[in-house]
Amino acid sequence: MDGAVFRARIPRPEALGPPLQENYMVDLDKIISLCKRRGFIFQGSDQYGGLQGTWDYGPLGVELKNNVKRAWWRRMVYERDDMEGLDCAILMNRLVLKYSGHEETFSDPMVDCRKCKKRFRADHVDPNEKCQEGDRHDLTEPRPFNLMFKTTVGPIADDTNIAYLRPETAQGIFVNFKNVLDSTNRKVPFGIAQIGKAYRNEITPKNFIFRVREFEQMEIEFFVKPGTDDEWHAKWVEERYNWYIGLGIKTQNLRKYAQKPEELAHYAKATTDLQYRFFPDRPEEEKQFDEVEGIANRTDFDLTCHSKGGKLVLKGGREIPNEHAVNKLTWFDHETNKHLIPYVIEPSAGVDRATLAFMIDAYCEEVVNDETRVVLKLHPELSPIKVAVLPLKKNHDGIVNTAKGIKQTLQKKSGWRTVYDDTAGIGKLYRRQDEVGTPFCITVDFQTLEDKTVTVRDRDTMAQVRVAIDNLPVYLADKLGNC
Ligand code: GAP
């Protein structure tokens, strides 16, 4: 292809200047604004003033979030030989959450301010901060507040038919352990993976989709022989860390944090959190990081407390014998000829937090032709739109029909989310696609009508190459990989 001819037909050659700042990190406000403006995420129940702690994923957000879940399922289920999937009900029998310990222990410390009458999570409020009623808050002593959403099942609402919306997807996996074992002939070690909604009545939901009341989790309960649990725990920390890095998260923004003994949940022998730099604008670097995923060694705690004849042992040693379960949640170990309760390693990630981390990490501002270009340099597997087909002229039948034909073919034959857009000039159309992370734009111009080639523009480098229409599926498949 003759570059001079090509350039003459693209109205605005793009010259990439340096990034605005080396290691630029966007703050949450810019992400929130982009999310609303471009249809990634909206406030839940927006039309009626919102509902705190809930968010709705818009046209691009649902694609991005689905891609995050698909990338997890692909690596954690399909590409392993030791994993099964599961999808349990969100409404759970009260007894599941009684014997798991959630009824007794799933609470946060809550305080009230006697002056402004506001309620806070005790560890989220600074008693010295200014109270809107003047001077400092006047806080009550902390008291526990159970985070589970309670409801009743059936036409009569009383204490006999209480049910909970699950506060984690994990419990559905534990109580299905025997069902999965018996129906698949799996042997320990193996895992069960689940993606789904979880609900927590957070005292202070905040920081956009970071802490919300309705969210999604991607959880694995990986069952191992007692005694091999430490080794498997270490393996899973690496496996999960590498998943984020493999999908583009920069190593300087993700760290492993081993919880101190006093920080561990009642069920955990050890937990390593993967923490992402969600809050880069906080002055202290230590406070810029927060949890995107926890990888816990839950020992045999859960299968014991849900087993017939088992018991829940609470912190401090109080025991609640299980008087309701119908099965023993054991597996027969042919090496020892014994029924054993496996230990469990649990990598538990938040879909919403992972989605937010991928967006923050991908956000970039660069100078192009003296203007700021916003680009979401998302891994192509995560990009909401893989290809945008853009006509150079929108009132030319030959160009428009060719562009629409390419869109249809790529969407149907290659299965990529492909869009057609003719609602602005080509420069503006490129910017719009850059901002939402579309890895490739295809431009159909007059030359296309002569030689059946199109321009393919790369989002990150802005390099443009001429490709024959017939070669597009192969050319793009090579670049898009697993999409
Ligand atoms: N089954 C273990 C468990 O649920 P967790 O640390 O409470 O552990 C796991 O939750 C992950 O779920 C967290 O790392 C976080 O990504 C996500 N998560 C928890 N609470 C959340 C909330 N209120 N809003 C958004 N994501 C949340």
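Residues are numbered from 1 along each chain as its sequence is written, and side-chain values use heavy atoms, with hydrogens and water left out. As the model is predicted, local features were considered at a pLDDT of at least 70 and side-chain atom pairs at pLDDT 80 or more, whereas totals for chains, interfaces and linings use all residues.

The ligand is surrounded by 20 residues, of which Glu168, Arg200, Glu202, Glu219 and Glu291 are the closest, a residue being counted as near when one of its heavy atoms lies within 4 Å. By class, the shell comprises 10 charged, six nonpolar and four polar residues, where Asp, Glu, Lys and Arg are charged, Ala, Val, Leu, Ile, Met, Phe, Trp, Tyr, Cys and Pro are nonpolar, and the others, Gly among them, are polar. A nitrogen atom of the ligand is placed 2.5 Å from a side-chain N or O atom of Glu219, and a ligand nitrogen lies 2.8 Å from a side-chain N or O atom of Glu202. An oxygen atom of the ligand is 2.9 Å from a backbone N or O atom of Val292. The protein buries 91% of the 550 Å² that the ligand exposes when taken alone (Shrake-Rupley method, 1.4 Å probe). Strands S12 (214–224), S15 (290–299) and S20 (343–350) each give two or more residues to this shell, and S15 provides the largest share, with five residues; strands are DSSP runs of E with at least two residues, and helices are runs of H or I with at least four, numbered from the N terminus.

Helix H3 (residues 59–78) and helix H8 (residues 229–246) have axes that come within 11 Å and cross at roughly 140°, the axes being lines fitted to C-alpha atoms over the stretch in contact and the angles running from 0 to 180 degrees between N-to-C directions.

Most residues other than glycine have a negative phi, and most peptide bonds are trans. Asp135, in the loop between strand S7 (119–121) and strand S8 (143–146), has a positive phi near 55°. Val188 and Pro189 are joined by a cis peptide bond with omega of about 10°.

Key:
Polar contact = N/O pair within 3.5 Å; in protein donor to acceptor, adjacent residues only side chain to side chain.
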